[in-house]
Amino acid sequence: MTLRVLSVASEAVPLVKTGGLADVVGALPGAVAPHGVEMTTLLPGYPAVMQAIGKGRSVHSYPSLLGEPARLIATKLGGHPLIVLDAPAYFARGGGPYGDAGGRDWGDNWRRFAALARVAADLAGGAIKGKRFDLLHAHDWQAAMAPAYLRFAPAEAGRIVPSVMTIHNMAFQGWHGAEIFAGLGLPREAWSMHGVEYHGGVGFLKAGMEAASAITTVSPSYAAEIAAPEFGMGLEGLVLSRGDRVRGILNGIDTTEWNPETDLQLPARYGARKLDRRIPNKRALEAEFGLESGDDPLFVVISRLTWQKGMDVLLETLDHLVGIGGRLALLGSGDAATEAGFHAAAARHPGRIAVRTGYDEALAHRMQGGGDAILIPSRFEPCGLTQLYGLAYGCVPVVCRTGGLADTVIDANVAAMQAGVATGIQFGRVDLPSLSTAISRATALYRQPEQWRAIQRNGMKSDFSWARSGKAYADLYTQLVMETR
Ligand code: ADP
(Lines give C-alpha, C1' and ligand atoms only; values in the text may rest on other atoms or scores of the structure.)
Protein backbone atom coordinates (compact mmCIF):
# COMPACT_ATOMS: atom_id res chain seq x y z
CA MET A 1 0.00 0.00 0.00
CA THR A 2 1.34 3.44 -0.90
CA LEU A 3 1.17 6.08 1.80
CA ARG A 4 0.48 9.57 0.53
CA VAL A 5 2.23 12.25 2.56
CA LEU A 6 2.02 16.01 2.12
CA SER A 7 5.27 17.73 3.13
CA VAL A 8 5.00 21.50 3.65
CA ALA A 9 7.91 23.88 4.06
CA SER A 10 9.12 27.36 3.20
CA GLU A 11 12.11 26.21 1.15
CA ALA A 12 13.38 23.22 -0.84
CA VAL A 13 16.32 22.62 -3.17
CA PRO A 14 16.73 23.17 -6.04
CA LEU A 15 14.09 25.94 -6.07
CA VAL A 16 14.81 28.03 -2.99
CA LYS A 17 17.41 27.62 -0.26
CA THR A 18 18.70 29.64 2.67
CA GLY A 19 20.00 26.71 4.75
CA GLY A 20 19.94 23.03 5.56
CA LEU A 21 16.13 22.94 5.75
CA ALA A 22 15.99 23.26 1.96
CA ASP A 23 18.42 20.37 1.45
CA VAL A 24 16.32 18.11 3.64
CA VAL A 25 12.92 19.04 2.23
CA GLY A 26 14.27 18.65 -1.29
CA ALA A 27 15.75 15.22 -0.58
CA LEU A 28 12.92 13.75 1.49
CA PRO A 29 10.56 12.67 -1.35
CA GLY A 30 13.34 10.59 -2.91
CA ALA A 31 14.41 9.23 0.49
CA VAL A 32 10.99 7.87 1.44
CA ALA A 33 9.93 6.69 -2.03
CA PRO A 34 11.72 3.32 -1.78
CA HIS A 35 9.72 2.66 1.40
CA GLY A 36 6.28 2.95 -0.14
CA VAL A 37 5.67 6.65 0.47
CA GLU A 38 4.57 9.05 -2.24
CA MET A 39 5.47 12.49 -0.98
CA THR A 40 3.98 15.68 -2.40
CA THR A 41 5.74 18.90 -1.44
CA LEU A 42 3.86 22.17 -0.91
CA LEU A 43 5.92 25.37 -1.33
CA PRO A 44 5.20 29.11 -1.48
CA GLY A 45 5.20 30.64 -4.98
CA TYR A 46 8.15 33.00 -4.56
CA PRO A 47 9.27 34.59 -7.86
CA ALA A 48 12.11 32.06 -8.30
CA VAL A 49 9.70 29.16 -7.77
CA MET A 50 7.08 30.55 -10.17
CA GLN A 51 9.73 31.08 -12.79
CA ALA A 52 11.16 27.60 -12.40
CA ILE A 53 7.85 25.75 -12.67
CA GLY A 54 6.58 27.59 -15.75
CA LYS A 55 2.84 27.47 -16.37
CA GLY A 56 1.83 24.36 -14.42
CA ARG A 57 -1.77 23.20 -13.91
CA SER A 58 -4.08 25.22 -11.70
CA VAL A 59 -5.95 22.78 -9.43
CA HIS A 60 -7.76 25.07 -7.01
CA SER A 61 -8.59 28.75 -6.47
CA TYR A 62 -9.13 30.64 -3.24
CA PRO A 63 -11.10 33.87 -3.68
CA SER A 64 -9.77 34.82 -0.26
CA LEU A 65 -6.99 32.96 1.53
CA LEU A 66 -6.70 34.83 4.84
CA GLY A 67 -7.72 37.90 2.89
CA GLU A 68 -5.92 37.57 -0.43
CA PRO A 69 -6.68 35.64 -3.62
CA ALA A 70 -4.58 32.56 -4.30
CA ARG A 71 -4.45 29.44 -6.40
CA LEU A 72 -2.69 26.11 -6.28
CA ILE A 73 -0.55 24.89 -9.12
CA ALA A 74 0.31 21.21 -9.46
CA THR A 75 3.51 20.16 -11.16
CA LYS A 76 6.46 17.81 -10.65
CA LEU A 77 9.90 18.35 -9.23
CA GLY A 78 12.60 15.73 -9.79
CA GLY A 79 9.87 13.21 -10.61
CA HIS A 80 7.92 13.87 -7.39
CA PRO A 81 4.63 15.79 -7.09
CA LEU A 82 4.90 19.47 -6.18
CA ILE A 83 2.12 21.92 -5.33
CA VAL A 84 2.91 25.62 -5.40
CA LEU A 85 0.87 28.23 -3.57
CA ASP A 86 0.57 31.06 -6.06
CA ALA A 87 -0.50 34.04 -3.95
CA PRO A 88 1.13 37.16 -5.42
CA ALA A 89 0.09 39.41 -2.52
CA TYR A 90 2.07 37.17 -0.17
CA PHE A 91 4.97 35.89 -2.21
CA ALA A 92 5.59 37.93 -5.40
CA ARG A 93 8.27 40.21 -3.90
CA GLY A 94 11.99 40.86 -4.31
CA GLY A 95 14.46 40.05 -1.56
CA GLY A 96 14.58 36.63 0.11
CA PRO A 97 11.92 34.19 1.29
CA TYR A 98 11.62 35.86 4.70
CA GLY A 99 12.69 39.45 4.25
CA ASP A 100 13.74 42.27 1.97
CA ALA A 101 17.09 42.64 0.25
CA GLY A 102 18.43 44.42 3.34
CA GLY A 103 17.70 41.33 5.46
CA ARG A 104 14.74 42.83 7.37
CA ASP A 105 11.94 40.33 7.96
CA TRP A 106 8.65 41.09 6.21
CA GLY A 107 6.14 42.48 8.71
CA ASP A 108 3.41 40.17 7.44
CA ASN A 109 5.38 36.92 7.69
CA TRP A 110 2.77 35.62 10.10
CA ARG A 111 0.04 35.96 7.48
CA ARG A 112 2.20 34.66 4.61
CA PHE A 113 3.07 31.46 6.46
CA ALA A 114 -0.31 31.05 8.13
CA ALA A 115 -1.73 31.09 4.57
CA LEU A 116 0.73 28.36 3.57
CA ALA A 117 -0.27 26.31 6.60
CA ARG A 118 -4.00 26.83 5.97
CA VAL A 119 -3.56 25.41 2.46
CA ALA A 120 -1.58 22.47 3.82
CA ALA A 121 -4.39 21.64 6.25
CA ASP A 122 -6.98 21.90 3.46
CA LEU A 123 -4.97 19.63 1.19
CA ALA A 124 -4.13 17.09 3.90
CA GLY A 125 -7.72 17.03 5.11
CA GLY A 126 -8.88 16.03 1.64
CA ALA A 127 -10.89 19.21 1.12
CA ILE A 128 -9.38 19.93 -2.28
CA LYS A 129 -10.84 17.94 -5.13
CA GLY A 130 -8.60 15.30 -6.62
CA LYS A 131 -6.05 15.39 -3.75
CA ARG A 132 -5.94 12.86 -0.98
CA PHE A 133 -3.30 12.40 1.71
CA ASP A 134 -2.78 10.03 4.63
CA LEU A 135 -0.50 12.28 6.66
CA LEU A 136 0.79 15.84 6.91
CA HIS A 137 4.47 16.57 7.55
CA ALA A 138 5.24 20.18 8.55
CA HIS A 139 8.77 21.63 8.74
CA ASP A 140 9.80 24.47 11.07
CA TRP A 141 7.74 27.42 12.26
CA GLN A 142 6.77 28.58 8.79
CA ALA A 143 4.70 25.42 8.31
CA ALA A 144 3.90 24.77 11.95
CA MET A 145 0.40 26.22 11.98
CA ALA A 146 -0.71 23.40 9.64
CA PRO A 147 -1.22 20.80 12.42
CA ALA A 148 -3.00 23.50 14.46
CA TYR A 149 -5.41 24.24 11.60
CA LEU A 150 -6.03 20.51 11.19
CA ARG A 151 -6.90 20.26 14.85
CA PHE A 152 -8.81 23.48 15.52
CA ALA A 153 -10.23 24.44 12.13
CA PRO A 154 -10.37 21.41 9.84
CA ALA A 155 -11.70 22.08 6.38
CA GLU A 156 -15.39 21.37 5.96
CA ALA A 157 -15.94 17.73 5.09
CA GLY A 158 -12.24 17.28 5.79
CA ARG A 159 -10.73 14.14 7.28
CA ILE A 160 -8.61 13.98 10.38
CA VAL A 161 -5.15 12.84 9.36
CA PRO A 162 -2.10 12.46 11.61
CA SER A 163 0.70 14.95 11.41
CA VAL A 164 4.44 15.16 12.04
CA MET A 165 6.15 18.38 13.10
CA THR A 166 9.87 18.48 12.36
CA ILE A 167 12.05 21.00 14.14
CA HIS A 168 15.11 21.87 12.09
CA ASN A 169 16.13 24.62 14.49
CA MET A 170 14.54 25.44 17.85
CA ALA A 171 16.02 28.94 17.73
CA PHE A 172 13.42 30.03 15.18
CA GLN A 173 10.01 29.77 16.80
CA GLY A 174 7.82 32.22 14.86
CA TRP A 175 6.38 34.17 17.79
CA HIS A 176 3.94 36.99 16.96
CA GLY A 177 1.91 39.44 19.04
CA ALA A 178 -1.60 38.58 20.22
CA GLU A 179 -3.14 41.04 17.75
CA ILE A 180 -2.55 38.64 14.85
CA PHE A 181 -4.80 35.97 16.34
CA ALA A 182 -7.92 37.50 14.80
CA GLY A 183 -6.35 37.26 11.34
CA LEU A 184 -5.61 33.55 11.54
CA GLY A 185 -9.17 32.33 11.06
CA LEU A 186 -9.03 30.07 14.13
CA PRO A 187 -11.86 29.56 16.63
CA ARG A 188 -11.60 31.07 20.10
CA GLU A 189 -10.74 27.75 21.74
CA ALA A 190 -7.44 27.69 19.84
CA TRP A 191 -6.32 30.56 22.09
CA SER A 192 -5.18 28.43 24.99
CA MET A 193 -2.13 26.96 26.63
CA HIS A 194 -2.65 23.77 24.65
CA GLY A 195 -3.40 25.66 21.48
CA VAL A 196 -1.55 28.50 19.79
CA GLU A 197 -1.10 30.89 22.74
CA TYR A 198 2.48 31.33 23.92
CA HIS A 199 3.71 34.00 26.34
CA GLY A 200 0.73 36.19 25.59
CA GLY A 201 1.11 35.98 21.80
CA VAL A 202 0.90 33.35 19.08
CA GLY A 203 3.73 30.82 18.93
CA PHE A 204 3.71 29.13 15.55
CA LEU A 205 6.25 26.41 16.37
CA LYS A 206 4.71 25.89 19.78
CA ALA A 207 1.27 25.48 18.18
CA GLY A 208 2.61 22.87 15.77
CA MET A 209 4.39 20.98 18.55
CA GLU A 210 1.18 20.89 20.62
CA ALA A 211 -1.08 19.80 17.79
CA ALA A 212 1.10 17.35 15.84
CA SER A 213 0.74 13.62 16.37
CA ALA A 214 4.52 13.33 16.65
CA ILE A 215 7.52 15.65 16.80
CA THR A 216 10.83 14.92 15.20
CA THR A 217 14.08 16.75 15.15
CA VAL A 218 17.07 16.14 12.97
CA SER A 219 19.47 14.21 15.22
CA PRO A 220 19.13 11.97 18.28
CA SER A 221 21.41 14.19 20.39
CA TYR A 222 19.43 17.34 19.59
CA ALA A 223 16.20 15.50 20.43
CA ALA A 224 17.61 14.91 23.92
CA GLU A 225 19.13 18.40 24.20
CA ILE A 226 15.87 20.28 23.49
CA ALA A 227 14.33 18.73 26.59
CA ALA A 228 16.65 20.99 28.65
CA PRO A 229 16.51 24.79 28.98
CA GLU A 230 19.84 25.54 27.29
CA PHE A 231 18.68 24.13 23.95
CA GLY A 232 14.89 24.00 24.41
CA MET A 233 14.77 27.80 24.38
CA GLY A 234 11.60 27.97 26.43
CA LEU A 235 9.89 25.00 24.81
CA GLU A 236 11.71 22.33 26.86
CA GLY A 237 8.63 21.76 29.05
CA LEU A 238 6.50 21.08 26.01
CA VAL A 239 9.16 18.74 24.62
CA LEU A 240 9.21 16.83 27.90
CA SER A 241 5.42 16.68 28.06
CA ARG A 242 5.29 15.05 24.62
CA GLY A 243 7.47 12.22 25.99
CA ASP A 244 8.13 9.44 23.51
CA ARG A 245 6.26 11.37 20.81
CA VAL A 246 9.58 13.20 20.26
CA ARG A 247 12.21 11.48 18.13
CA GLY A 248 15.52 12.30 16.52
CA ILE A 249 16.00 11.19 12.93
CA LEU A 250 19.37 12.13 11.48
CA ASN A 251 19.43 14.05 8.21
CA GLY A 252 21.06 12.38 5.26
CA ILE A 253 22.87 13.97 2.35
CA ASP A 254 21.96 13.83 -1.29
CA THR A 255 24.77 11.71 -2.67
CA THR A 256 23.92 12.52 -6.27
CA GLU A 257 24.63 16.20 -5.53
CA TRP A 258 27.46 15.66 -3.06
CA ASN A 259 29.84 13.00 -4.32
CA PRO A 260 33.51 13.83 -5.02
CA GLU A 261 33.76 11.06 -7.62
CA THR A 262 31.13 12.67 -9.85
CA ASP A 263 31.00 16.32 -8.75
CA LEU A 264 31.27 18.46 -11.87
CA GLN A 265 31.92 21.59 -9.81
CA LEU A 266 35.38 20.23 -8.89
CA PRO A 267 38.43 20.85 -11.05
CA ALA A 268 39.46 17.22 -10.25
CA ARG A 269 37.28 14.32 -9.11
CA TYR A 270 38.54 11.69 -6.67
CA GLY A 271 37.63 8.83 -4.37
CA ALA A 272 38.91 7.59 -1.01
CA ARG A 273 41.72 5.63 -2.67
CA LYS A 274 42.85 8.55 -4.84
CA LEU A 275 43.37 11.28 -2.29
CA ASP A 276 46.33 12.75 -4.20
CA ARG A 277 43.81 13.87 -6.77
CA ARG A 278 42.55 16.44 -4.26
CA ILE A 279 45.77 18.42 -4.70
CA PRO A 280 44.71 20.24 -7.90
CA ASN A 281 41.50 21.21 -6.12
CA LYS A 282 43.48 22.68 -3.25
CA ARG A 283 45.72 24.63 -5.64
CA ALA A 284 42.70 25.94 -7.54
CA LEU A 285 41.02 26.98 -4.30
CA GLU A 286 44.11 28.82 -3.08
CA ALA A 287 44.25 30.67 -6.38
CA GLU A 288 40.52 31.44 -6.34
CA PHE A 289 40.80 32.95 -2.85
CA GLY A 290 44.13 34.67 -3.50
CA LEU A 291 45.85 32.64 -0.78
CA GLU A 292 49.54 31.71 -0.72
CA SER A 293 50.02 28.33 -2.32
CA GLY A 294 51.64 25.56 -0.34
CA ASP A 295 51.49 22.50 1.83
CA ASP A 296 50.24 24.18 5.01
CA PRO A 297 46.78 23.13 6.13
CA LEU A 298 43.93 24.95 4.43
CA PHE A 299 40.95 25.35 6.74
CA VAL A 300 37.60 26.24 5.25
CA VAL A 301 34.34 27.60 6.69
CA ILE A 302 30.99 27.53 4.86
CA SER A 303 28.42 29.01 7.17
CA ARG A 304 25.83 31.52 8.16
CA LEU A 305 27.82 34.13 10.09
CA THR A 306 25.87 34.04 13.34
CA TRP A 307 26.25 33.52 17.06
CA GLN A 308 24.81 30.00 16.75
CA LYS A 309 27.65 29.06 14.45
CA GLY A 310 30.30 30.36 16.89
CA MET A 311 31.69 32.80 14.36
CA ASP A 312 32.56 35.37 17.04
CA VAL A 313 34.88 32.86 18.74
CA LEU A 314 36.36 31.76 15.43
CA LEU A 315 37.30 35.39 14.78
CA GLU A 316 39.24 35.46 18.05
CA THR A 317 41.22 32.34 17.12
CA LEU A 318 42.40 33.52 13.71
CA ASP A 319 45.74 34.95 14.85
CA HIS A 320 46.47 31.60 16.47
CA LEU A 321 45.43 29.70 13.34
CA VAL A 322 47.78 31.77 11.20
CA GLY A 323 50.49 31.70 13.89
CA ILE A 324 50.77 27.91 13.72
CA GLY A 325 50.96 27.94 9.93
CA GLY A 326 47.31 27.54 8.99
CA ARG A 327 45.34 29.32 6.29
CA LEU A 328 41.61 29.97 6.12
CA ALA A 329 39.15 30.36 3.26
CA LEU A 330 35.73 31.46 4.47
CA LEU A 331 32.42 31.61 2.60
CA GLY A 332 29.53 33.04 4.54
CA SER A 333 26.92 35.64 5.00
CA GLY A 334 24.93 37.02 7.88
CA ASP A 335 25.65 39.41 10.68
CA ALA A 336 27.22 42.60 9.25
CA ALA A 337 29.61 43.16 12.18
CA THR A 338 30.89 39.58 11.92
CA GLU A 339 31.38 39.96 8.17
CA ALA A 340 33.38 43.13 8.83
CA GLY A 341 35.44 41.27 11.45
CA PHE A 342 36.45 38.59 8.95
CA HIS A 343 37.33 41.19 6.32
CA ALA A 344 39.54 42.93 8.88
CA ALA A 345 41.26 39.61 9.71
CA ALA A 346 41.87 39.00 6.00
CA ALA A 347 43.42 42.47 5.70
CA ARG A 348 45.67 41.70 8.69
CA HIS A 349 46.79 38.37 7.23
CA PRO A 350 46.97 38.76 3.45
CA GLY A 351 47.63 35.47 1.70
CA ARG A 352 46.71 33.52 4.85
CA ILE A 353 43.06 34.43 5.38
CA ALA A 354 40.55 35.17 2.62
CA VAL A 355 36.85 35.80 2.79
CA ARG A 356 33.93 35.63 0.35
CA THR A 357 30.64 36.98 1.54
CA GLY A 358 27.37 36.00 -0.08
CA TYR A 359 25.87 32.69 -1.05
CA ASP A 360 27.59 30.49 -3.63
CA GLU A 361 26.59 26.85 -3.93
CA ALA A 362 29.22 25.93 -6.54
CA LEU A 363 32.01 27.50 -4.47
CA ALA A 364 30.79 25.52 -1.43
CA HIS A 365 31.44 22.33 -3.43
CA ARG A 366 34.91 23.47 -4.50
CA MET A 367 35.79 24.31 -0.89
CA GLN A 368 34.80 20.86 0.35
CA GLY A 369 36.78 19.33 -2.50
CA GLY A 370 39.95 21.38 -1.96
CA GLY A 371 40.04 22.31 1.73
CA ASP A 372 41.92 20.13 4.23
CA ALA A 373 39.56 20.66 7.16
CA ILE A 374 36.22 22.37 7.74
CA LEU A 375 35.75 24.32 10.97
CA ILE A 376 32.28 24.10 12.59
CA PRO A 377 32.34 25.71 16.06
CA SER A 378 28.53 25.74 16.52
CA ARG A 379 27.13 26.51 19.97
CA PHE A 380 24.21 24.30 19.04
CA GLU A 381 23.57 22.33 15.88
CA PRO A 382 20.33 20.42 15.32
CA CYS A 383 22.02 18.23 12.70
CA GLY A 384 24.38 20.20 10.49
CA LEU A 385 25.09 19.29 6.91
CA THR A 386 28.46 20.87 6.23
CA GLN A 387 30.24 18.30 8.42
CA LEU A 388 28.50 15.51 6.46
CA TYR A 389 29.65 17.01 3.16
CA GLY A 390 33.12 17.40 4.71
CA LEU A 391 33.16 13.70 5.66
CA ALA A 392 32.11 12.67 2.15
CA TYR A 393 34.77 14.90 0.56
CA GLY A 394 37.74 14.13 2.80
CA CYS A 395 37.62 17.69 4.19
CA VAL A 396 38.08 16.71 7.83
CA PRO A 397 35.43 18.22 10.14
CA VAL A 398 36.59 20.03 13.29
CA VAL A 399 33.39 20.37 15.33
CA CYS A 400 31.97 21.28 18.71
CA ARG A 401 30.54 18.21 20.48
CA THR A 402 26.86 19.18 20.26
CA GLY A 403 23.67 17.99 18.55
CA GLY A 404 24.14 16.36 15.17
CA LEU A 405 27.84 17.22 15.15
CA ALA A 406 28.33 14.93 18.17
CA ASP A 407 26.31 12.19 16.45
CA THR A 408 28.18 12.16 13.16
CA VAL A 409 31.88 12.92 13.76
CA ILE A 410 34.17 10.50 15.60
CA ASP A 411 36.99 12.27 17.43
CA ALA A 412 40.54 11.30 16.51
CA ASN A 413 41.54 10.36 20.07
CA VAL A 414 44.09 7.64 20.67
CA ALA A 415 41.53 4.87 21.04
CA ALA A 416 39.62 5.85 17.90
CA MET A 417 42.86 6.15 15.90
CA GLN A 418 43.96 2.71 17.07
CA ALA A 419 40.58 1.24 16.24
CA GLY A 420 40.72 2.90 12.81
CA VAL A 421 37.38 4.69 13.18
CA ALA A 422 38.30 8.37 13.69
CA THR A 423 36.68 10.75 11.20
CA GLY A 424 37.38 14.23 12.58
CA ILE A 425 38.10 16.35 15.62
CA GLN A 426 35.67 17.24 18.37
CA PHE A 427 36.02 19.84 21.11
CA GLY A 428 33.88 20.39 24.15
CA ARG A 429 33.06 24.09 24.34
CA VAL A 430 32.84 27.03 22.02
CA ASP A 431 35.49 29.25 23.60
CA LEU A 432 38.89 30.54 22.64
CA PRO A 433 41.04 27.87 24.41
CA SER A 434 38.95 24.92 23.20
CA LEU A 435 38.75 26.02 19.57
CA SER A 436 42.43 27.00 19.50
CA THR A 437 43.39 23.59 20.88
CA ALA A 438 41.21 21.86 18.29
CA ILE A 439 42.85 23.84 15.49
CA SER A 440 46.29 22.93 16.89
CA ARG A 441 45.30 19.25 17.08
CA ALA A 442 44.07 19.34 13.48
CA THR A 443 47.28 20.99 12.34
CA ALA A 444 49.46 18.46 14.18
CA LEU A 445 47.53 15.53 12.72
CA TYR A 446 47.65 17.06 9.25
CA ARG A 447 51.43 17.12 9.53
CA GLN A 448 51.40 13.33 9.96
CA PRO A 449 50.18 12.44 6.46
CA GLU A 450 49.56 8.73 7.16
CA GLN A 451 47.30 9.51 10.08
CA TRP A 452 45.55 12.35 8.27
CA ARG A 453 44.81 10.17 5.25
CA ALA A 454 43.36 7.49 7.52
CA ILE A 455 40.99 10.06 9.03
CA GLN A 456 40.01 11.31 5.57
CA ARG A 457 39.38 7.78 4.31
CA ASN A 458 37.31 6.80 7.33
CA GLY A 459 35.10 9.82 6.79
CA MET A 460 34.71 9.14 3.09
CA LYS A 461 33.70 5.55 3.82
CA SER A 462 31.04 6.49 6.38
CA ASP A 463 27.51 6.36 5.04
CA PHE A 464 25.30 9.38 5.67
CA SER A 465 23.11 8.83 2.65
CA TRP A 466 19.35 9.02 3.09
CA ALA A 467 18.85 5.23 3.04
CA ARG A 468 18.52 4.74 6.80
CA SER A 469 16.71 7.97 7.63
CA GLY A 470 14.27 7.60 4.74
CA LYS A 471 13.16 4.32 6.28
CA ALA A 472 12.91 5.87 9.75
CA TYR A 473 10.52 8.56 8.47
CA ALA A 474 8.49 5.98 6.51
CA ASP A 475 8.22 3.78 9.62
CA LEU A 476 7.02 6.74 11.67
CA TYR A 477 4.41 7.70 9.05
CA THR A 478 3.15 4.11 8.95
CA GLN A 479 2.91 3.90 12.72
CA LEU A 480 0.91 7.14 12.97
CA VAL A 481 -1.44 6.22 10.14
CA MET A 482 -2.10 2.80 11.73
CA GLU A 483 -2.85 4.44 15.08
CA THR A 484 -5.43 6.74 13.49
CA ARG A 485 -7.25 3.97 11.63
P1 ADP B 1 22.00 25.76 8.74
O2 ADP B 1 20.82 25.14 8.06
O3 ADP B 1 21.84 25.97 10.21
O4 ADP B 1 22.49 27.00 8.06
P5 ADP B 1 23.42 23.33 7.92
O6 ADP B 1 24.83 22.90 8.11
O7 ADP B 1 22.35 22.37 8.33
O8 ADP B 1 23.24 24.74 8.66
O9 ADP B 1 23.17 23.65 6.39
C10 ADP B 1 23.80 24.72 5.74
C11 ADP B 1 23.69 24.50 4.26
O12 ADP B 1 23.83 25.76 3.59
C13 ADP B 1 24.75 23.59 3.68
O14 ADP B 1 24.24 22.96 2.52
C15 ADP B 1 25.86 24.60 3.32
O16 ADP B 1 26.72 24.10 2.32
C17 ADP B 1 25.05 25.76 2.83
N18 ADP B 1 25.65 27.08 2.99
C19 ADP B 1 25.73 27.83 4.12
N20 ADP B 1 26.26 29.03 3.86
C21 ADP B 1 26.53 29.05 2.54
C22 ADP B 1 27.07 30.04 1.63
N23 ADP B 1 27.44 31.24 2.06
N24 ADP B 1 27.19 29.70 0.32
C25 ADP B 1 26.81 28.48 -0.12
N26 ADP B 1 26.29 27.51 0.68
C27 ADP B 1 26.14 27.82 1.97
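Residues are numbered from 1 along each chain as its sequence is written, and side-chain values use heavy atoms, with hydrogens and water left out. Because the model is predicted, local features need pLDDT of at least 70 and side-chain atom pairs count only at pLDDT 80 or more, while totals for chains, interfaces and linings use all residues.

**View 1. Around the ligand.** The ligand has 18 residues around it, and Gly 20, Arg 304, Lys 309, Gly 358 and Leu 385 come nearest (a residue is near if one of its heavy atoms lies within 4 Å). Look for the side chain of Lys 309, where an N or O atom is 2.9 Å from an oxygen atom of the ligand. The side chain of Asp 23 likewise places an N or O atom 3.0 Å from a ligand oxygen. Leu 385 takes part through its backbone, with an N or O atom 2.9 Å from an oxygen atom of the ligand.

**View 2. Tyr 359 and its partners.** Tyr 359 sits in the loop between β15 (353-357) and α14 (helices, H or I of at least four residues, and strands, E of at least two, are DSSP runs numbered from the N terminus). Leaving aside residues up to four places away in sequence, Tyr 359 touches Lys 17 and Thr 18 (contact means heavy atoms within 4.5 Å). Its side chain makes a polar contact of 3.5 Å with the side chain of Lys 17, and another of 3.5 Å joins the side chains of Tyr 359 and Glu 361. A polar contact is a pair of N or O atoms within 3.5 Å; within protein, one must be able to donate a hydrogen and the other to accept it, and residues adjacent in sequence count only if both atoms are side-chain atoms. Tyr 359 and Arg 304 are 55 residues apart in sequence, and their C-alpha atoms are 9.3 Å apart in space.

**View 3. Helices α14 and α15.** Here α14 (residues 361-370) packs on α15 (residues 386-393) at about 50°, with axes 8 Å apart. Axes are lines fitted to C-alpha atoms, for helices over the stretch in contact, and angles run from 0 to 180 degrees between N-to-C directions. The angle makes α14 oblique to α15, since under 35 degrees counts as roughly parallel, over 145 as roughly antiparallel, 65 to 115 as roughly perpendicular and the rest as oblique. His 365, Gln 368 and Gly 369 in α14 meet Thr 386, Tyr 389, Gly 390 and Tyr 393 in α15.

**View 4. Helices α4 and α6.** Helix α4 (residues 109-124) and helix α6 (residues 145-152) pack at about 50°, and their axes are 8 Å apart. That makes α4 oblique to α6. On the α4 side are Ala 114, Ala 117, Arg 118, Ala 120 and Ala 121, which meet Met 145, Ala 146, Tyr 149 and Leu 150 in α6.

**View 5. Helices α18 and α19.** Helix α18 (residues 432-446) packs against helix α19 (residues 449-461) at about 110°, with axes 6 Å apart. The two are therefore roughly perpendicular to each other. Ala 442, Leu 445 and Tyr 446 of α18 make the contact with Pro 449, Gln 451, Trp 452 and Ile 455 of α19.

**View 6. Two backbone details.** A cis peptide bond, with omega about 0°, joins Val 13 and Pro 14. Pro 14 lies in the loop between β1 (3-8) and α1 (20-32). In the loop between β3 (57-65) and β4 (68-77) you will find Leu 66, a residue other than glycine whose phi is positive, near 50°.
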